[in-house]
Amino acid sequence: MTTTTGPHPTRRLILQGAASVALLGLGNLPFGAAPARAAANDKYPEEAFRQKSEADAIKVLYGKTAEPSDKVKLDAPEIAENGGVVPISVTTTLDKVTSISFFVAENPFALAASYKIPDGTIPAVANRLKMARTTKLVAIVEADGKLYSATKEVKVTVGGCGG
């Protein structure tokens, strides 16, 4: 079987050539190596998520306490009609933000969520949390090696953690 018909190549020959060029070009790209190394170096804070109290979770996660700041804006409803789905968000005007975490004091485990913020990323996080009952919600932002916090009381009318 021949792959050409006279001076013109067949469609099969063109596709084989294009596939070969594409595969050769892709062979030079570092697939998955850099993200895998980054993920391997980013340790999951398992012990912090196991803490029952807010103070213990903050101590395990950060090793220090946070100071209240008006540069951290915590947005959450004053009254949550369903504790199973409480929308929250945090934004900040602080520079060099490296992490944002949410703590719910009356939940079975105080640390609800923790995010690593890469360099060059806008420091804003939104989520939906499950809240067991009316409680204090705390957002902690780590920026330039210091901790800053914002707090808001959220009244829950229908329980979300088994309530």
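**View 1. Strand 10 and strand 11 of the predicted model, paired at A139 and A150.** A139 has A150 in strand 11 as its bridge partner. The model shown here is predicted. Strand 10 and strand 11 are joined by 9 bridges and run antiparallel. The two strands form a hairpin, with 2 residues between them. In the turn, D144 has a positive phi of about 55 degrees.

**View 2. Surroundings of A150.** A150 lies in strand 11, which covers residues 146–156. Its relative accessible area is 11%, so A150 counts as buried. Apart from neighbours within four places in sequence, the contacts of A150 are V72, L74, L137, V138 and A139. One of these, V72, is 78 residues away from A150 along the chain, yet the C-alpha atoms of the two are separated by 5.9 Å.

**View 3. T135 in strand 10.** T135 belongs to strand 10, which spans residues 135–143. T135 is buried because its relative accessibility is 3%, below the cut-off of 20%. Setting aside neighbours within four places in sequence, T135 touches V104, A105 and E106, and also K152, E153 and V154.

View 4. Strand 3, residues 67–68, runs parallel to strand 11 and is joined to it by 2 bridges. Within this pair, E67 stands opposite Y148. Strand 5, residues 79–80, is also parallel to strand 11, with 2 bridges between them. Here I79 has K155 as its bridge partner in strand 11. Strands of a sheet pair through backbone hydrogen bonds, in a parallel or an antiparallel sense.

View 5. Strand 4 and strand 6, residues 86–92, are joined by 4 bridges. V72 is placed opposite T92 in strand 6. V72 is also one of the contacts of A150 in strand 11.

**View 6. The largest nonpolar core.** This core has 25 residues, and V90, I100, F102 and L137 have the most contacts inside it. Two or more residues come from each of strand 4, strand 6, strand 7 (97–104), strand 9, strand 10 and strand 11. A second, separate core has 10 residues, including A48, A57, F103 and I140. Leaving out neighbours within four places in sequence, the contacts of I100 include Y62, V90, A113, Y115, I117, V125 and I140.

**View 7. I117 in a loop.** I117 sits in the loop between strand 8 (111–116) and strand 9 (124–129). Is I117 buried or exposed? With 10% relative accessibility, I117 counts as buried. Residues up to four places away in sequence aside, I117 touches V97, T98, S99, I100, P123 and V125. I117 and A143 are 26 residues apart in sequence, and their C-alpha atoms are 9.9 Å apart.

**View 8. Helix 2 and strand 4, the two ends of the confidence range.** Confidence in the protein is lowest in helix 2 (residues 33–41), where the mean is 46, and highest in strand 4, at 96. Over residues 31–41, pLDDT stays under 50. For this stretch the model has 1 contact beyond four places in sequence. The mean pLDDT of the protein is 82, and 78% of its residues reach 70 or more.

**View 9. The whole protein, for placing the close-ups.** The protein contains 4 helices and 11 strands. Of its 163 residues, 31% count as buried. Among contacts with a separation of 6 or more, 63% are between residues 24 or more positions apart. The protein exposes about 10600 Å², and carbon and sulfur atoms supply 56% of this area.

Methods. Residues are numbered from 1 along each chain as its sequence is written. This is a predicted model: local features need pLDDT of at least 70, side-chain atom pairs count only at pLDDT 80 or more; totals for chains, interfaces and linings use all residues. Side-chain values use heavy atoms; hydrogens and water are left out. Buried means under 20% relative accessible area, exposed over 50%, partly exposed in between (1.4 Å probe, protein chains only). Contact means heavy atoms within 4.5 Å. Accessible areas come from the Shrake-Rupley method with a 1.4 Å probe; for residues, only the protein chains shown count as cover. Two strands pair if DSSP finds at least two bridges between them. A nonpolar core is a set of buried Ala, Val, Leu, Ile, Met, Phe, Trp, Tyr and Cys residues joined through side-chain atoms within 4.5 Å. pLDDT is the predictor's confidence in each residue, from 0 to 100.
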